[in-house]
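Hi,

Here's the structure I said I'd pass on.

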Amino acid sequence: MIHLPFSILNFFWSYGVGASLLGAVGIHVGQKARSHSQNLVRQAEREKKRADKLANFVIPIGLALAVETDLNTLLEKILLEAKILSLADGGTLYLVTPENTLRFVMVLNDSLKIAMGGTSGKEVSLPPLNLYDPATGVPNLHNIATSCALDAQSISVADVYSAEGYDFSGTKAFDKKMNYRTISVLCVPLKNADRTVIGVLQLINARAPETLQVVPFDEHLCQMMELLGLLAAASLASYLKTKKLTDQIAELKIQIDEVKKERQVAEITESDYFKSLQSRAREMRAKVKGQNS
């Protein structure tokens, strides 16, 4: 039996431990690299799906909105397409008024079977939201929809019951009354070409495609909703501009018609024939008066 010196044994032991450590490190690095590669592949797949959805869904929506000529149908299309794209259970569409309020123009909720505004034929009875405190003029940043409009920024809340910074007391009261549970909320400002906010698109309770369980609104989905918001705002602004021009033309036509009628009346009353009729009428009245006296 060969007895090796202790120093040599110690060398081989150290070498073995080192090799094992290097092997472990190599395996770890390899796994990390493989995991990173898989993440990159999944991210690329998500981006491709996002691009496909953008090309096949959002862009056609924009084209459909651009040719719509009826306001109620236009508003309904905006909210319905946003709900479909996000798989949201409900949604609300607001428009900014000259009185600095957000006016409810459409409310939908699939679970509660609520449909108000749009082509539903049912008026939205909810009072408008003040953008500013009527007494102090302070911006209303406590409400998520008004805050979205004032800051012109999208706001996503994963769970309203644990969120801080916004007053969801009205939402919670609604939930209690309707036996409902509002969880995730997304608000997107509708900004026109000069970046002025003309409305707010609010969606509630995004649902996972596979399970339909309520989940937070996905970050990429938020970006798509912002794009849809831009398309919707452009369509709304175009419609309102066209409607204003149409109303002005109609008003001008009425004024022209009135002036034309006045001129026609003046031409008739100043004609020799009309004056002759007036003279005969006076003579007849005088005769009748003389016979009666």
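Below is what turned up, starting with the core and moving on to the strands.

Two things before you start. This is a predicted model, so residues are numbered from 1 along each chain as its sequence is written, local features need pLDDT of at least 70, side-chain atom pairs count only at pLDDT 80 or more, and totals for chains, interfaces and linings use all residues. Side-chain values use heavy atoms, with hydrogens and water left out.

First, the core. A nonpolar core here is a set of buried Ala, Val, Leu, Ile, Met, Phe, Trp, Tyr and Cys residues joined through side-chain atoms within 4.5 Å. "Buried" means under 20% relative accessible area, "exposed" over 50%, and "partly exposed" in between (1.4 Å probe, protein chains only). The largest nonpolar core has 29 residues, and L93, L190 and F217 are among those with the most contacts inside it. At least two of its residues come from each of helix 2 (71–86), strand 1 (88–96), strand 2 (101–109), strand 6 (185–191), strand 7 (197–207) and helix 5 (219–269). Helix 5 gives the largest share, nine residues. (Helices, H or I with at least four residues, and strands, E with at least two, are DSSP runs numbered from the N terminus.) In general, nonpolar side chains tend to be buried together in soluble globular proteins.

Next, strand 2. Eight of its nine residues are buried. Which strands does strand 2 pair with, if pairing takes at least two DSSP bridges? Strand 1 is one partner, antiparallel over seven bridges, with G91 opposite L108. These two strands form a hairpin with four residues between them, and N100 in the turn has a positive phi of about 60°. Strand 3 (residues 114–117) also runs antiparallel to strand 2, joined by four bridges, and V107 stands opposite M116 there. That hairpin has four residues between its strands too, with K113 in the turn at a positive phi of about 55°. Strand 4 (residues 129–130) pairs with strand 2 in the antiparallel sense over two bridges, where T101 has N130 as its bridge partner.

Last, find N192 in the loop between strand 6 and strand 7. Is N192 buried or exposed? It counts as buried because its relative accessible area is 18%. Not counting residues up to four places away in sequence, N192 touches I198, A233 and A237.

Cheers

Technical notes: Pairing = 2+ DSSP bridges. Contact = heavy atoms within 4.5 Å.
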